[in-house]
Amino acid sequence: MKIVVQKFGGTSVSTKERRERVVSKVIGAIKEGYSPIVVVSAMGRKGEPYATDTLLSLVDCNFKDSNKQAQDLLMCCGEFISSVVMSNELFNNGVNAVPLTGGQAGIITDDVFSDAKHKEVNSKELIRLVENGKVPVVTGFQGITESGYFTTLGRGGSDTSAAILGAAVNAERIEIYTDVDGIMTADPRIVKEASLIDVISYTEVFQLADQGAKVVHPRAVDIAMKHNIPLLIKNTMSECKGTLININGDINHPKIITGITYLNDRIQVKISANSNIGNPKYKDILGLLATNKISLDLINIFPDQQVFTIGADKKEDLKNILDAIQIKYTLKEECSQIAVVGTRMTGIPGVIANIIQALNDNNIEVLQTADSNMTIWCLVNTKDVHEALNALHKVFELA
Ligand code: ADP
Ligand code: MG
């Protein structure tokens, strides 16, 4: 039995016309001799009646914040509807579809509501259905705790569901269908010249996804990589061959940069030694922030100052912690962190110089940089981020 997991995102299942395209992808896989397991997201995006954000707006913030378990139950509803509607569509086209919740598909999670992690998958029932010629249509983004509570897996969690199930049933590949042709060299909504990447390594996609390219969830990439299952990113609405993600990526790729992405809502924090003379806590700041689960990026330590970035959602927490130990600091808000990614840049001199030059030529202020073996980050003002992405895309000839 050759199993393929096919995950369809919110826009892919949002209208009848699109669901008909989904049906053709599922039937296409069956005709090729595969047994498909379908995973669906809730129908549509914010504002549409059954989208998760719309459902969330039905209850009060206070209630949601203090009843995470209730919030998760509500957030599961969009996928319930989607899996039944999609099963109906498949049934009308002669496919023996069976809608299943994440729990019924066997996904057992911890009880961290709204950001649960899977602990195990009891795939017996799922496999039994597939062996009997059925096509399970599993609600993405959710699982169930050992004591039977519904949980959700965090934003983009349907990708994770597909990867978890693919790994559990030892799928031959996992296909993620979305509203773009595959992974592009940059977000095509911002960089019009962005081009399709044919083949890319798990590590590069993980880096792109982790740094803001929301086309696929980093956790899904990580799971597929650990089980060495090829991931394919494809467009529900086209016949484009999409992007293949595997271990080696494209080793013969002629360009040193694979793609560019960005994260908004970053804050740059600067803490100078001079302003904190005599405060013994100055040396312990990074440890203290880590203990308080504030994750830091772009950490640069100099003899006279410490500089790093945090997510804007952590601003109040950071202020409370630093104020409590009387540390003086400055914050620069509305920053964006650009990540230039490519495994082939290792050992090639001048990449950072090219980036800085391109940004300078466009009068874009560079607030900070950092690099690792496959990524160069630079922090810019959010007002400049679109221009910066387009300038970098051009200088590295990614079109
Ligand atoms: P789905 O609902 O199918 O899961 P998402 O909205 O999560 O879809 O992901 C698809 C979107 O990801 C695209 O519409 C695109 O704007 C965005 N995106 C961001 N970066 C990239 C990139 N490098 N390549 C392709 N798409 C990207
Ligand atoms: Mg998504």
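1. A polar contact here is a pair of N or O atoms within 3.5 Å. Please keep in mind that this is a predicted model, where local features need pLDDT of at least 70 and side-chain atom pairs count only at pLDDT 80 or more. Residues are numbered from 1 along each chain as its sequence is written.

2. Let's start with the ligand's polar contacts. A backbone N or O atom of M184 sits 2.9 Å from a nitrogen atom of ligand 1. R45 brings a polar side-chain atom to 2.5 Å from a ligand oxygen, and a side-chain N or O atom of D187 lies 2.9 Å from an oxygen of ligand 1.

3. How much of ligand 1 does the protein bury? Alone, ligand 1 exposes 570 Å² (Shrake-Rupley method, 1.4 Å probe), and the protein buries 92% of that.

4. Around ligand 1 there are 18 residues (a heavy atom within 4 Å), with R45, T178, D179, M184 and R189 the closest. By class, this shell has eight nonpolar, four polar and six charged residues; Gly counts as polar.

5. Now for a helix pair. The axes (lines fitted to C-alpha atoms over the stretch in contact) of α1, residues 16-31, and α4, residues 68-92, come within 10 Å and cross at roughly 65°. Contact (heavy atoms within 4.5 Å) involves V22, V23 and V26 of α1, among others, and residues of α4 including V85 and L90.

Technical notes
Chains are lettered from A and ligands numbered from 1 in the order in which they are written. Side-chain values use heavy atoms; hydrogens and water are left out. Axes are lines fitted to C-alpha atoms, for helices over the stretch in contact, and angles run from 0 to 180 degrees between N-to-C directions. Helices (H or I, at least four residues) and strands (E, at least two) are DSSP runs, numbered from the N terminus. A polar contact is a pair of N or O atoms within 3.5 Å; within protein, one must be able to donate a hydrogen and the other to accept it, and residues adjacent in sequence count only if both atoms are side-chain atoms.
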